[in-house]
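Try each task before reading its solution.

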Amino acid sequence: MMELRRRDRGGGDPDSTDNTSDKEADGDDRLGLQGDTEGECDGEKSDTPDVPLSTADTDNTPECLNKALEGLPPRWKNYWIRGVLSVAMISGFFLIIYMGPVTLMLVVMTVQIKCFQEIITIGYRVYRSYELPWFRTLSWYFLICVNYFFYGETLADYFGALVQREEPLQFLTRYHRFISFALYLAGFCMFVLSLVKKHYRLQFYMFAWTHVTLLIVVTQSHLVIQNLFEGMIWFIVPISIVICNDIMAYLFGFFFGRTPLIKLSPKKTWEGFIGGFFSTVVFGFFLAYLLSQFQYFVCPVEFNSEINRFTVECEPSEIFVMQTYTLPAVVQNILSWKTVNLYPFQIHSIFLSSFASLIGPFGGFFASGFKRAFKIKDFANTIPGHGGIMDRFDCQYLMATFTHVYIASFIRGPNPSKVLQQLMMLQPEQQLSIFHTLHSHLRKRDILPPAADQ
């Protein structure tokens, strides 16, 4: 945004001298966007913009909690506020899991919309100074378009039987990508028509702002739902280990933290980072053991068109079946054990936990850098002691992407149910041709019993 205060010196486009006006420069100055500084937003008064970007710094702690903690030092008061709200959120998470996959999908959608709103609001407070309201309107329009595209893809992939039964859905599925492109194209044209002389550069900044936000928020939330369809365990474990790492890193840092970890987030310490890592690996290992025992968590979430509801019934795959492993000789000498019984998913959980502990925090560091750039403490003040929803989910989105890539690379194989759904959407002649081809193939391999040849 520094470029908005520079005047173009020299030749070029005759209109170039209008590209940056005094009003734009004043707008940046009023918002405190003079460039990056080294101070942390929650500690230095000089980092607070004259016109606050949000109400994130407002204390919205419930009055009853404030009275109960009255008299405590600020450090311990914040500790208890974060603790009480964390317990409340974790309890709500358990309740949502109990309510089933449909509720989980709705919650993911709600979180996605709230995170998008928090990030866009920061940009809108910059853009609003120029009285050009199309930015916010187009931002929400693009959100609808992108969600339509992603959820339409999900509908075609996982609800084939339902689509085959409903003629309007067949039309929407068949031309889904064309409709999605047409909707986006309409928004693109509206943006071009909204361009105003003297504000071109800022408007293109905001256009890019919207698209980067869509990439970060909407794409990642779509991957969360894709993970959920692979089985609720692929949804619960990644989210839980990130929560565990966040809590344990905070506790280790609070009680033992002495060595700063990174300048972007001065309150983070090496003690918290290392303590969070080991705690998360242990927690993830035992959580994987617990959930692997239940069909409800390990089976893929599928839509049953006969009863019009989601089902989680299956024969558990090999990674959720107890296996016997021989321990290395060194470990045998130490523990006096030769073998150990584990679910293969427990081994996978070690890799998931390691990513959540070592790489996942960089999602939080990225968010810290973003907030420092705009001199705000939190994205919003939705959750007392925690900030906005985006403040709690900055690491979750990075974890969702890794989980999706991990499943695609090391876990997922051919899905018979998905193949069958796609076959059901073909024309009868195509289905018959596939049947004869498959029949001939199985007969050549002597897989079909003799009676099947007659």
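## Exercise 1: the largest cavity

About 80 Å³ of space lies in the largest cavity. This is a predicted model, where local features need pLDDT of at least 70 and side-chain atom pairs count only at pLDDT 80 or more, while totals for chains, interfaces and linings use all residues. Residues are numbered from 1 along each chain as its sequence is written, and side-chain values use heavy atoms, with hydrogens and water left out.

**Task.** Find which residues are the closest to the centre of the largest cavity, and which helices supply its lining.

**Solution.** 
1. Start with the count: the structure holds two cavities of 30 Å³ or more.
2. Now go to the largest one. It is lined by 13 residues, and Phe135, Leu138, Phe191, Met206 and Phe207 are the closest to its centre.
3. Look at the helices next: helix 5 (134–158), helix 8 (176–194) and helix 9 each supply at least two lining residues.
4. Finish by class: the lining has eight nonpolar, five polar and no charged residues.

## Exercise 2: a helix pair

**Task.** Work out how helix 9 and helix 16 cross.

**Solution.** 
1. Take helix 9 (residues 200–229) and helix 16 (residues 389–411): their axes come within 8 Å and cross at roughly 55 degrees.
2. So helix 9 is oblique to helix 16 (angles under 35 degrees count as roughly parallel, over 145 as roughly antiparallel, 65 to 115 as roughly perpendicular and the rest as oblique).
3. As for handedness, this crossing of helix 9 and helix 16 is left-handed (the near helix is turned anticlockwise from the far one by less than a right angle).

Conventions. Axes are lines fitted to C-alpha atoms, for helices over the stretch in contact, and angles run from 0 to 180 degrees between N-to-C directions. Helices (H or I, at least four residues) and strands (E, at least two) are DSSP runs, numbered from the N terminus. On a 1 Å grid over the protein atoms alone, a cavity is a set of points where a 1.4 Å probe fits but cannot get out, and a pocket is an open set with protein on both sides within 12 Å along at least five of seven lines; lining residues have an atom within 4 Å of a point. Grid points are joined across faces, edges and corners, and a volume is the space filled by probe spheres set on the points. Ala, Val, Leu, Ile, Met, Phe, Trp, Tyr, Cys and Pro count as nonpolar, Asp, Glu, Lys and Arg as charged, and the others, Gly among them, as polar.
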